[in-house]
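Please look at the sequence and the structure below before reading on. The briefing that follows takes up surface patches, then the overall fold and dimensions.

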Amino acid sequence: MLADHETGRGHVSAMKEALGNGNADAILEHLRAYGELLTEHIKKEDEILFPWMDGNLSEEQRSALTGRFDIADAAGRELPQIYDTFITEMECKTGLS
């Protein structure tokens with residue numbers, strides 16, 4: 001699962017580079033690959049990770065994780081706007097808007 005995160009960051013970096021170069025084909029290639037990666041990653045979380053956590057962690061441990069997730073969510077509140085801006089830029093550069 002960690003490798004998925006590394007691969008995902010690689011796709012995002014490649015998209016940013018392609019965006020700077022105006023390479024619409026590379027943007028679309030990495031965007032599609034990233035979408036596929038996310039779909040499979042979320043499936044792994046839903047079907048493997050979360051059920052494992054439910055069966056192997058105590059209620060106290062799950063509660064502690066939830067608290068940490070809440071802190072991380074609060075720290076990243078600006079991310080949706082950053083992503084929205086990035087997507088809009090890619091749509092304009094690729095003619096998909």
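**Surface patches and overall form**

M1, L49, F50 and W52 make a nonpolar surface patch of about 370 Å². Patches are made of residues with over 30% relative accessible area and no salt bridge, where nonpolar side chains (Val, Leu, Ile, Met, Phe, Trp, Tyr) are joined within 5 Å and like charges within 9 Å. This is a predicted model, in which local features need pLDDT of at least 70, side-chain atom pairs count only at pLDDT 80 or more, and totals for chains, interfaces and linings use all residues. Residues are numbered from 1 along each chain as its sequence is written, and side-chain values use heavy atoms, with hydrogens and water left out.

**The patches**
- L49, a member of the nonpolar patch, lies in helix α2 and is partly exposed, with a relative accessible area of 31% (buried means under 20%, exposed over 50%, partly exposed in between, with a 1.4 Å probe and protein chains only).
- A negative surface patch is formed by E36, E40, D46 and E47, where Asp and Glu count as negative.
- E47 sits in helix α2, which covers residues 24-56, and counts as exposed because its relative accessibility is 53%.

**The fold and its dimensions**
- The protein has four helices and zero strands, where helices (H or I, at least four residues) and strands (E, at least two) are DSSP runs.
- The radius of gyration, taken over C-alpha atoms, is 17 Å, whereas a compact globule of 97 residues would have one near 13 Å (the rule is 2.2 Å times the number of residues to the power 0.38).
- The C-alpha trace spans about 50 × 25 × 20 Å along its principal axes, and 21% of the 97 residues count as buried.

Terms used
Accessible areas come from the Shrake-Rupley method with a 1.4 Å probe; for residues, only the protein chains shown count as cover. A salt bridge is a side-chain nitrogen of Lys or Arg within 4 Å of a carboxyl oxygen of Asp or Glu. The place of a charge is taken as NZ of Lys, CZ of Arg, CG of Asp or CD of Glu.
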